[in-house]
Amino acid sequence: MNRSKKGFLNTFSNLLNQAVTAICGFIVPKMVLEAFGSEVNGIVSSIASFLGIIALLESGFGSVAKTAFYKPLTTSDRQGISSIYNATESFFRKIALIFLGYCIILSLIFPIIKENSFDYIFTMTLVLILGIQSFIQYYFGISYTLLLNADQCGYVSGFLHTGTIIANAVLTVILLKIGAGVHLVKFVSAAVFITRPLAVNIYGRKKYQIDRKIPKNQKSLSQKWDNFSQSIALYIHTKTDSVLITLFLNFSEVSVYSVYSLVTTSLSAVLVAISSGFVSGLGNMYAKNEKETFDKIFSLYEFVNSAISFLFYSIAFVLIIPFVRVYTANITDIDYIRPLFGGFIILSELIYCLRLPYSYMIANAGHFKQIKNGAFVEAGLNIGLSLILINFLGITGLAIGTCVAMLFRTIQLAIYCSKNITGRNPLMLIKRILVNSFASLILIALSKPIDFDVSNFIDFLIYAVIIGIIAAVIFTFVNFIFFRSDFKVLFSKIKSIIRK
């Protein structure tokens, strides 16, 4: 199977996965919120954020391992693949065991971190149940997942993940309908989700026939600690806000944050899914030094990512409050309508998504050490500003702190990548931002006069379709005017994939 076909399958599987995740991610949390209330919803989100520290380790060390796999995969070097895999598996199994210890400790201390209405056993057992899934994933499935992604076969894991999401949603709805408690609901979810890493492990064993006797290539992971700073920045971006809200505010405010995050994280996940169709292919081209092809495809990736990022988050800016109003219509224990917070959390996620091409390409090139200091600065800015502003502006202050940190890091990564890897003019990103910002302003201006009373999900869907069509027309027209060459490459790529 050629690179284009694999890229298409990766993109399709990831988009399908994110579509299913988004749909189920809106339905299931809403039912949990209505069944158990804001405080339970908040404590579940808060525990997930504390447990999310393991994702910090995956994003940093996983990127290094994935990059190491590129070269032996291009030459079908089975010994090289096996040596890197053995080192990767050994490392992640140690991480999984450390995480298990962390999970047990967290289950003992989390119930006393924040005063709440839940008893000690309730909270402790909830932490343990939520931690089971992550432990199984990292102990059994993560190494083969990284190898499949590097080999442009991530669609295998993607389709499996889609299946488990659907199964989890169906079982959760059934359990909630019969009045099951939150512990049983989350335990069944954990049982469903651990089937994916186990299936990936079985598939990977058959496909790659890893030779366990070959010595571990520890040198291939030598940059894992250099990329740890990237992991810290990502963890702070995705999880720290919930942790700070838990420590300085309350679980109900965590619930408010999580509802808005449903929208922003779903959209960023789609952008990451689109990126998956480019990233491994670009890594392969970079490893083979196919400069002309690389330049053309990277420019296309940059164009698609910036246009779709602005398109999605501009639509979200218009729709976020109507969505939250409908989504939380039956929840009266706290006010969920926070327009200023919604605006800033959308802006911060947009800025984050704009940097994806540069962040991924730096990882593909293995330049982890060179950009680690910027990650620490980003983390410091995010935490420092958030700690100051949360006392004056609540969760809105957290969103502002995140926004400033995202802006700094995006600028740094774009400049570094352009100068040291792609050789492209960084002003191209500024041009793309200006062009798409203009399109966003047009959309916001045109959406203001539309008088549409949104009182239920049907009304919201109709309104969303109207805004979506207007946005698609505006962004397509504006980008076509300014970036015709990128459009030509895009159409040519689509045609070649269809013909094959």
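Helix H6 is followed by glycine 179, which has a positive phi, near 85 degrees. In this predicted model, H6 spans residues 155-177 and comprises 23 residues. The distance from its first C-alpha to its last is 33 Å, close to the 33 Å expected at 1.5 Å a residue. The buried residues of H6 are Tyr155, Val156, Ser157, Gly158, Thr162, Thr164, Ile165, Asn168, Ala169, Thr172, Leu175 and Leu176.

The secondary structure of the chain as a whole consists of 18 helices and 0 strands. Of its 500 residues, 58% count as buried. When contacts between residues at least 6 apart in sequence are considered, 85% join residues at least 24 apart.

Helix H11 (residues 291-327) packs against helix H16 (residues 427-447), their axes coming within 10 Å and crossing at roughly 25 degrees. Because this angle falls under 35 degrees, H11 is roughly parallel to H16. The crossing of the two helices, H11 and H16, is right-handed. On the H11 side, the contact is made by Ser299, Glu302, Phe303, Ser306, Ala307, Phe310, Ser314, Ile315, Phe317 and Val318. H16 contributes Met428, Arg432, Ile433, Asn436, Ser437, Ser440, Leu443, Ile444 and Ser447. By class, the residues of the contact between H11 and H16 comprise 10 nonpolar, 7 polar and 2 charged.

H11 also packs with helix H12 (residues 339-354), at an angle of about 170 degrees and with the axes 10 Å apart. Since angles over 145 degrees count as roughly antiparallel, H11 is assigned that orientation relative to H12. From H11, the residues Asn305, Ser306, Ser309, Phe310, Tyr313, Ala316, Phe317, Ile320 and Ile321 take part. They meet Pro339, Gly343, Ile346, Glu349, Leu350, Cys353 and Leu354 in H12. The contact of H11 with H12 contains 11 nonpolar, 4 polar and 1 charged residues. Ser306, Phe310 and Phe317 of H11 are among the residues that contact H16, and these three residues also meet H12.

Lysine 66 is located in helix H3, which covers residues 53-74. Its relative accessibility is 19%, and lysine 66 therefore counts as buried, the cut-off being under 20%. The C-alpha atom of lysine 66 is separated by 9.1 Å from that of serine 143, although the two residues are 77 residues apart along the chain.

Technical notes. Residues are numbered from 1 along each chain as its sequence is written. This is a predicted model: local features need pLDDT of at least 70, side-chain atom pairs count only at pLDDT 80 or more; totals for chains, interfaces and linings use all residues. Side-chain values use heavy atoms; hydrogens and water are left out. Axes are lines fitted to C-alpha atoms, for helices over the stretch in contact, and angles run from 0 to 180 degrees between N-to-C directions. Helices (H or I, at least four residues) and strands (E, at least two) are DSSP runs, numbered from the N terminus. Angles under 35 degrees count as roughly parallel, over 145 as roughly antiparallel, 65 to 115 as roughly perpendicular and the rest as oblique. A crossing is left-handed if the near helix is turned anticlockwise from the far one by less than a right angle, and right-handed if clockwise. Contact means heavy atoms within 4.5 Å. Ala, Val, Leu, Ile, Met, Phe, Trp, Tyr, Cys and Pro count as nonpolar, Asp, Glu, Lys and Arg as charged, and the others, Gly among them, as polar. The expected span of a helix is 1.5 Å times one less than its number of residues. Buried means under 20% relative accessible area, exposed over 50%, partly exposed in between (1.4 Å probe, protein chains only).
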